[in-house]
Amino acid sequence: MSAATQTKSANDLIALYFLSTLGGTFKKVPGSNEEAYFTSLREKLSGFSEDVLKAGADALVLAAKSTVWPFVGECVKACTEAQRQLEGAPEPSLQVGGYPWPEHVAIKVMVGADADVALSACIAGWQADLVDFVRREKRMPDMVETETLVVATMERNRRVAGQVKTALDVLRGETTRELAALPPNHPIQLMADTFERRRERLAGLIAKEVLRHGEMQDVEL
């Protein structure tokens with residue numbers, strides 16, 4: 001694998017498993033140079049695995065006290081601590097408390113508890129918030145919590161759309177071109193695309209688990 005391919009693969013992992021999680025909570029980068037911030041973040045996190053990036057991002061979101069993105073050093077520290085805990089911990093159990101469940105465990109529990117809710121979340125587009133809730137709380141949400149998750153998804157979608165529009169307006173003002181959309185490599189567009197890719201990926205995993213669960217029930221019958 002070439003160095004360029006390795007770099008692209010690392011950036012994809014960081015966008016999918018780290019930036020997408022933090023992007024739902026944090027809005028403004030520290031300092032004034034957004035591009036430099038995300039470039040530095042990708043460089044510093046390039047050595048971490050998928051599971052470590054997920055766990056580090058979860059820890060930062062749970063500890064968030066503002067909507068400003070954490071300093072790069074804080075992100076590295078969170079991932080380093082996550083790596084230490086993951087390397088020294090056994091396979092996660094299904095007990096409440098402790099580290100968040102892996103996605104595949106949360107999805108299995110979701111589908112086993114209520115496949116209809118899991119599928120409805122995919123159709124309505126709030127499956128990412130549902131998966132994150134089950135990972136964190138080790139249970140399905142009640143009706144009030146479900147409403148909160150749906151509202152959170154709607155608010156995030158509006159916020160991201162607003163950020164894309166603002167960034168596009170700024171870019172149009174800096175150039176003489178009539179741009180219809182942000183460039184694919186623009187940090188804000190990368191964030192928006194990452195959200196969408198994660199939703200699509202989770203929808204696929206949930207659908208597969210629903211099919212697997214249905215096949216198991218058929219065998220039992």
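The legends below describe close-up views of a predicted model. Local features are given where pLDDT is at least 70, side-chain atom pairs count only at pLDDT 80 or more, and totals for chains, interfaces and linings use all residues. Residues are numbered from 1 along each chain as its sequence is written, and side-chain values use heavy atoms, with hydrogens and water left out.

**View 1. The largest nonpolar core has 25 residues.** A nonpolar core is a set of buried Ala, Val, Leu, Ile, Met, Phe, Trp, Tyr and Cys residues joined through side-chain atoms within 4.5 Å; buried means under 20% relative accessible area (1.4 Å probe, protein chains only). Phe18, Leu19, Tyr37, Leu41, Leu45, Leu53 and Trp69 have the most contacts inside this core. Two or more of its residues come from each of helix H1 (3-23), helix H2 (34-45), helix H3 (50-62) and helix H4 (72-88); helices are DSSP runs (H or I, at least four residues), numbered from the N terminus. H1 gives the largest share, 7 residues. Apart from this core lies another, of 19 residues, including Trp101, Leu130, Val131 and Val134.

**View 2. Val29 lies in the loop between H1 and H2.** Val29 counts as buried because its relative accessible area is 5%. Not counting residues up to four places away in sequence, Val29 touches Glu34, Tyr37, Phe38, Val68 and Trp69, where contact means heavy atoms within 4.5 Å. The C-alpha atoms of Val29 and Thr67 are 8.8 Å apart, although 38 residues separate the two along the chain. Trp69, for its part, is in contact with residues including Leu19, Leu22, Phe26, Pro30 and Tyr37, leaving aside neighbours within four places in sequence.

**View 3. Helix H3 contains several buried residues, among them Val52, Leu53 and Leu60.** Also buried in H3 are Lys54 and Asp58. At 1.5 Å a residue, the 13 residues of H3 should span 18 Å, and the 19 Å between its end C-alpha atoms agrees; the expected span is 1.5 Å times one less than the number of residues.

**View 4. Lys138 sits in the loop between helix H6 (127-137) and helix H7 (143-174).** Phi of this residue is near 60°, a positive value in a residue other than glycine. Lys138 counts as buried because its relative accessibility is 9%.

Note on methods. Buried < 20%, exposed > 50% of the residue type's maximum accessible area, 1.4 Å probe, protein only.
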